[in-house]
Amino acid sequence: METTVTVALIYDFDGTLSPGNMQEYDFIPTVGKSNREFWQDSNDLALEQDADPILAYMYKMLHEARSTGLSLRRDAFVASGAKISLYDGVEEWFGRINAYAAGQGVTVHHYINSSGLKEMIEGTPIAHEFRKIYACSFLYDVDGVAYWPAVAVNYTNKTQFIFKINKGVESVYDSKEVNRYIPESQRPVQFRHMIYFGDGTTDIPCMRLVKAQGGHSIAVYNPANKATRTASERLVRDNRVNFVCPADYTESSDIDRVVKTVIDKIVSDRKLELLRSEIPTK
């Protein structure tokens, strides 16, 4: 009995796979700002101009880099991303989950859905693990220098990438194919075969969407920060997520056991569907 199915594991980045914000590891110190000062300036700008906070932080990155003579070339952002720290077990996570799923007849595709910077994520040692990285990015001029946002991913437009994954549309530019009607059963990754990992307010619409459509959402928190655990537990009480787990991706951790069990459930559900189609009703 054929049970092959594709499961999508979709991750936020900052606070989910890595502690803190990616700009804080190298970029902000290099431009001579404290983390508090950079984010306060960015948020104040957004408030004063009634602007999107994501676009405001991208503007501040360009502005501060130009002001201090820091390179705005893509490879400079990628090099900065190489200095980002990851939570325990993250680097080994993908191979282990892929192997477990394969043993169950499941193909796993991993995706990033982040309001962070794509170029920095590309500099991390896990970048090659993702089928697609949906994140903010810059436009580059003929000299390869960043000059304008190309993609800005905020808390609501994050949901568009869930639909792109659902329909197998990987292009950010494409808005035609993603709106074409396809019966759910014929879509490359059904919603109920998705697991979404997030840590904060920018992830709530995606976590709710995936959960409401029959998938599973996991709120992760920094085990070293009690406040993040409290915020994550509130998401369960508000019926926005299925599980809350510390951001520990080592073998036999809470999140490891939850994801493997969800994969088992998806396989069992698929087997039941096939049995239902094979056994005639009277």
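Contact here means that heavy atoms lie within 4.5 Å of each other. With this meaning in hand, the predicted model can be read one region at a time.

The account opens with a pair of helices. Helix H7 covers residues 159-167 and helix H8 covers residues 204-212. Two packed helices are described by the angle between their axes and the distance between the axes. For H7 and H8, the angle is about 40° and the axes are 9 Å apart. On the H7 side, the residues that meet H8 are Thr159, Ile162 and Phe163. On the H8 side, their partners are Pro205, Cys206, Leu209 and Val210. Sorted by class, this contact has six nonpolar residues, one polar residue and no charged residues.

Leu139, Tyr147 and Trp148 make a nonpolar surface patch of about 330 Å². One of these residues, Tyr147, is found in strand S4, which comprises residues 146-151. Tyr147 has a relative accessible area of 39% and is therefore classed as partly exposed, because that class lies between the limits of 20% and 50%.

Is Val258 buried or exposed? Its relative accessible area is 15%, and buried means under 20%, so Val258 is buried. Apart from its neighbours within four places in sequence, Val258 is in contact with Ile218, Phe243 and Cys245. Val258 and Ile218 are 40 residues apart in sequence, while their C-alpha atoms are 8.9 Å apart in space.

Conventions:
Residues are numbered from 1 along each chain as its sequence is written. This is a predicted model: local features need pLDDT of at least 70, side-chain atom pairs count only at pLDDT 80 or more; totals for chains, interfaces and linings use all residues. Side-chain values use heavy atoms; hydrogens and water are left out. Axes are lines fitted to C-alpha atoms, for helices over the stretch in contact, and angles run from 0 to 180 degrees between N-to-C directions. Helices (H or I, at least four residues) and strands (E, at least two) are DSSP runs, numbered from the N terminus. Ala, Val, Leu, Ile, Met, Phe, Trp, Tyr, Cys and Pro count as nonpolar, Asp, Glu, Lys and Arg as charged, and the others, Gly among them, as polar. Patches are made of residues with over 30% relative accessible area and no salt bridge: like charges are joined within 9 Å, nonpolar side chains (Val, Leu, Ile, Met, Phe, Trp, Tyr) within 5 Å. Accessible areas come from the Shrake-Rupley method with a 1.4 Å probe; for residues, only the protein chains shown count as cover. A salt bridge is a side-chain nitrogen of Lys or Arg within 4 Å of a carboxyl oxygen of Asp or Glu. Buried means under 20% relative accessible area, exposed over 50%, partly exposed in between (1.4 Å probe, protein chains only).
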